[in-house]
Amino acid sequence: MMVDRRHPGSKGQAGPAEVPLYGFQPPVGTPFGLEVSTVEDFFAEHDDWPWNPPRPGRATFHYLIAVTEGVLRHDVDHVTRTVTPGQWLWVRPGHTQCWHPPGAARGPFILFEPDVLTAGAARLLAPLTAHEAPAVLSPHPDDTAWLQQTALQLLDEHRALGRRPLDIHHALRRNLLESLLLRLANAPGITSTGATTAGAGRGDTYGRFADALELHFRELHRAADYAELLGCSVRTLSRAARDATGKGVRDLIDERRLLEARRLLGNARWGARTVAAHLGFSDAANFGRFFRDRTGLTPAAFAARNAITGP
């Protein structure tokens, strides 16, 4: 299901608090970058990893879990999320996550690589597959039964390997996955209001900003920097960001820097001074104030707390 892609240390071992990166590796005989199971089966098959003891990791693929019974707790980017029946947990590629024992949680568990989706579906799903999209989704109750049933149909088809020609089997799995994701993305209360109220130009401006932010958040920290990069005014960029997210450009920049800081501080090889330099802060003290104001912890306290829950 997963293969560790972390860079080895000097002795071939990961550091004591290093966050490993896992690539997609489905069981032998399973075609293409899509695997479907259940929460209960997944834990039964991996009772000693990665939740015993709990430790953080990242993946190059999507985790999507529908909770049908019980309550699932799961850390996404160092925040514990609680997922109740009818809700969905979606962990995107690159997010730091940490499992908790599932307890009585039950439901379909879908793992898929980004390139499983067709280009058209990927374009329509971009707001929900984006790195900053919410981890817990609460579709309208009118959609709950349909979504869960479609997930179970996908599970059934996944388990039907060999019952049909391989190309038909894969086409059915991909079509069921895309139907599920498109319905989930467009359930009332899921899609950002900006996706429907913003004009095409304004929505495109925000999309271009989000892409630019992911590339340049380490060195560009002002709205004016991104407006200049995108060839628009600060006012246009600010309006596009607020329409799409309800937040200002500076808030989005700060959130992305904070997210990266939390990730890096979870790695034993990154101290506060190194993180500060990496993220473009003038000095470690300035970074410390930034981090403490937004988390209530100093960088050192955050790193120490994270190390306690590490391996």
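Of the 311 residues of the protein chain, 46% count as buried, where buried means under 20% relative accessible area, exposed over 50%, and partly exposed in between (1.4 Å probe, protein chains only). The model is a predicted one: local features need pLDDT of at least 70, side-chain atom pairs count only at pLDDT 80 or more, and totals for chains, interfaces and linings use all residues. Residues are numbered from 1 along each chain as its sequence is written, and side-chain values use heavy atoms, with hydrogens and water left out.

**The whole chain**

Begin with a cartoon view of the protein chain, which has 13 helices and 11 strands; these are DSSP runs numbered from the N terminus (helices: H or I, at least four residues; strands: E, at least two). The chain exposes about 14900 Å², and carbon and sulfur atoms supply 53% of that area; accessible areas come from the Shrake-Rupley method with a 1.4 Å probe, and for residues only the protein chains shown count as cover. Among contacts (heavy atoms within 4.5 Å) between residues at least 6 apart in sequence, 69% join residues at least 24 apart.

**Glycine 57**

Next, select glycine 57, in the loop between helix 1 (39–45) and strand 4 (58–59). Glycine 57 counts as buried because its relative accessibility is 8%.

**Phenylalanine 32**

Turn to phenylalanine 32, in the loop between strand 2 (21–24) and strand 3 (34–38). Its relative accessibility is 47%, so phenylalanine 32 counts as partly exposed. Select Leu161 and Leu166 as well; with Phe32 they form a nonpolar patch on the surface, with about 280 Å² of accessible area together. Patches are made of residues with over 30% relative accessible area and no salt bridge, with like charges joined within 9 Å and nonpolar side chains (Val, Leu, Ile, Met, Phe, Trp, Tyr) within 5 Å. A salt bridge is a side-chain nitrogen of Lys or Arg within 4 Å of a carboxyl oxygen of Asp or Glu.

**Threonine 205**

Threonine 205 is found in helix 7 (residues 200–216). With a relative accessible area of 8%, threonine 205 is buried. Leaving aside residues up to four places away in sequence, threonine 205 touches Leu230, Cys232, Leu237 and Ala240.

**Helices 10 and 12**

Finally, display helix 10 (residues 249–265) and helix 12 (residues 284–295), which pack at an angle of about 100° with their axes 11 Å apart. Axes are lines fitted to C-alpha atoms, for helices over the stretch in contact, and angles run from 0 to 180 degrees between N-to-C directions. Helix 10 is therefore roughly perpendicular to helix 12; angles under 35 degrees count as roughly parallel, over 145 as roughly antiparallel, 65 to 115 as roughly perpendicular and the rest as oblique. Residues making the contact include Asp254, Arg257 and Leu258 of helix 10 and Phe287, Phe290 and Phe291 of helix 12.
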